[in-house]
Protein chains: 2
Amino acid sequence: MAQRVGKQTLQLEQVYIGSFAAAVGKKEKQGPLGRYFDIAFDDELFGQDSFEKAESFLQRSAVETALKKANIAPQQVQYLFAGDLLNQCIGSTFGLREFGIPFLGMYGACSTMALTLGTAGVFIDGGGAKQVVAATSSHFCSAERQFRFPLEYGGQRPQSAQWTVTGSGAAVVCSAPSPVRLAAVTFGKMQDLNVTDANNMGAAMAPAAADTIAAFLQDTHTSPKDYDLILTGDLGSVGSALLVQLLKIEGVSIAEQHKDCGVMIFNKNQDVHAGGSGCGCSASVLCGYILPKMAKKELKNLLFCATGALMSPTSSMQGESILGVAHLVHLTVE
Amino acid sequence: MAQRVGKQTLQLEQVYIGSFAAAVGKKEKQGPLGRYFDIAFDDELFGQDSFEKAESFLQRSAVETALKKANIAPQQVQYLFAGDLLNQCIGSTFGLREFGIPFLGMYGACSTMALTLGTAGVFIDGGGAKQVVAATSSHFCSAERQFRFPLEYGGQRPQSAQWTVTGSGAAVVCSAPSPVRLAAVTFGKMQDLNVTDANNMGAAMAPAAADTIAAFLQDTHTSPKDYDLILTGDLGSVGSALLVQLLKIEGVSIAEQHKDCGVMIFNKNQDVHAGGSGCGCSASVLCGYILPKMAKKELKNLLFCATGALMSPTSSMQGESILGVAHLVHLTVE
């Protein structure tokens, strides 16, 4: 049974990450983590005839690979938890329709990997399932043309802008013991600091990350020093600096333990300005780079806090601010 | 602990619906269920300056009312489970941001009310929470201009088309005993029958409803006769006829017990063709009309199966079919 600790955190008893896989596009392959991803394509279409179908293909590939690596048939999976940035989450629905697994669609913008992992964990812990899959994806080309401008437009991007990662991550969450344990989850509250600049998502999401990380530390009576790594989703360089600063005001120093997937996935010379973003950013870094390191015991105790910016082009055009949300999972190796 | 029965169903032990409320617009107020809704407005804007903001307002009103009816403060609610049809679920995010409750965004198209109720149930049952809220909404004007045509266009609608309900429903799901119990949940699989007509959503969703209802009956070794009512979300008249027929082929006769929220919410003379649709259709009928009847013991044992069409204008323009999904919750009064 999940044990509620403090205000917002759930400690889980017997929940493990049984398998994981990441699939990415060309630019991500060329980045510093390129060689770690299970699948890395040399183009952006992967043989599909639209960027949206390419994103679905990417998510299907990640899920397929995660299942294959652990020799699991789709019929042995009780639920799929997935979502993405595309309108009506079509990246996930069309990507995963063929598996024939009961499907729980989720929407957490770029926080989706932590949202689906955490929800999957609660289901496993409560006896609702023995083996499920959590997944998400994003694609630079499908996101860019949906949220910003036609790809052909070629407008200049400010330095605070981030680059949507073409990538997907999938993890099998299960009750059968495995090296990596999903020990706790803190689902976050929406934060509204009246940020309205869609080219500065990091600033909109940093307060949410700060709130969720502070809540977890307080709930569990632990401090950043207790963790090998505090990994945020995709704050990028601007949002990361802001997060460290916001927590410092609260008397919490995470500078030594903190890294951000958005900063890690690209090289500075890849022209991505403040770094990577998108659901697939933290998902591919977690499932392609971090979880394998945990399985090898090179990392033993970490917090994964994925951050999302809740908005749409319509809400922004109507003058609404960009809400931030961040969900956190605590992963350990025993 | 959730007890897995059969292939797809979870029986829950101590999960109740502690409160519920529904808020609707003008056309729904004029319909046959008009007098049952907690809040029914006389226009479509409710004092807001856009239809999207009006939808957010509607969802906030439903949640506020559900909490107020049971004298619950937002701080006493551990999680909000919500989603809607708008791109990036802005109906829910902007509607619910002020509650300061950890937020789990979900996307199930028009199946959202059953998806959020079922997920909430699993969280409560597994000890992850004591009191949560499940909610969703839709708005005719925000949906029409996002999915179909500008409101001013005035094109003719075929007889199989449905009318998006302007409505919201919210339910408090809790572990404290209450007259209505959430006894079981069956999360559904995506069904793809290659339906591509966006003016015939009922046909796209009926196979999903048939699959989920059949799975539940098989898993629990029960038959339609065991229930007072088998209530589908928003198949409308075309999809309802198809559902009854599809199940008949499988040897399951639900004609006597079956009703559909999309058929119930409007009068035939309200010019809605095949009936109501949208997340708010089944949500408002369940929370405004059905749950109060259960609390008064006029209905004692029912299956609520909300159906969703998974697609976007982009996926349809790219030649994709419309996927159906249906989630079911079993509600009882003891």
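In this predicted model, the second largest cavity is lined by 13 residues, and those nearest its centre are Leu85(B), Cys110(B), Phe147(B), Arg148(B) and Met201(B). The briefing below begins with the cavities, continues with the pockets and ends with the contact between the chains. Chain A and chain B share an interface that buries about 4800 Å², and chain A can be laid on chain B with an RMSD of 0.0 Å.

**Second largest cavity**

- The volume of the second largest cavity is about 150 Å³.
- Two helices of chain B, H5 and H6 (201-220), each supply at least two residues of this lining.
- H5(B) gives the most to the lining of the second largest cavity, namely three residues.
- Nine nonpolar residues, three polar residues and one charged residue make up the lining of the second largest cavity.

**Largest cavity**

- The count of cavities of 30 Å³ or more comes to six.
- About 210 Å³ is the volume of the largest cavity.
- The largest cavity has 21 lining residues, and the closest to its centre are Leu85(A), Cys110(A), Arg148(A), Met201(A) and Ser277(A).
- In chain A, helix H5 (140-148) and H6 are the elements that give two or more residues to the lining of the largest cavity.
- The largest share of this lining comes from H5(A), which provides three residues.
- By class, the lining of the largest cavity comprises 12 nonpolar, seven polar and two charged residues.

**Largest pocket**

- The largest pocket holds about 390 Å³ of space.
- It is lined by 20 residues, and Glu144(B), Arg148(B), Phe149(B), Arg157(B) and Asn199(B) are the closest to its centre.
- The elements giving two or more residues to the lining of the largest pocket are two helices of chain B, H5 (140-148) and H10 (313-317).
- H5(B) contributes four residues, the largest share of the lining of the largest pocket.
- The lining of the largest pocket divides by class into 12 nonpolar, five polar and three charged residues.

**Second largest pocket**

- The second largest pocket has about 290 Å³ of volume.
- Its lining consists of 15 residues, of which Ala210(A), Asp211(A), Ala214(A), Ala215(A) and Glu250(A) are the closest to the centre.
- Helix H6 (201-220) and helix H7 (236-249) of chain A are the elements that give two or more residues to the lining of the second largest pocket.
- With seven residues, H6(A) gives the most to the lining of the second largest pocket.
- Seven nonpolar, three polar and five charged residues form the lining of the second largest pocket.

**Relation and contact of the two chains**

- The same surface serves both copies, and 100% of the contact residues of chain A recur in chain B.
- Chain A gives 55 residues to the contact, and chain B gives 55 residues.
- Of the area of about 4800 Å² buried between chain A and chain B, carbon and sulfur atoms give 63%.
- Between chain A and chain B the count is four salt bridges.
- Arg97(B) and Asp192(A) form a salt bridge, in which the closest N and O atoms are 2.9 Å apart.

How values were computed: Residues numbered from 1 in each chain as written. Chains lettered and ligands numbered in written order. Predicted model: local features only at pLDDT ≥ 70, side-chain atom pairs only at ≥ 80, totals over all residues. Heavy atoms only, no water. 1 Å grid on protein atoms, 1.4 Å probe; cavity = no way out; pocket = protein on both sides within 12 Å on 5 of 7 lines; lining within 4 Å. Points joined across faces, edges and corners; volume = space filled by probe spheres on them. Nonpolar A, V, L, I, M, F, W, Y, C, P; charged D, E, K, R; others polar. Least-squares fit on C-alpha atoms with pLDDT ≥ 70 in both. Contact = heavy atoms within 4.5 Å. Buried area = accessible area lost by both parts, 1.4 Å probe. Salt bridge = Lys/Arg side-chain N within 4 Å of Asp/Glu carboxyl O.
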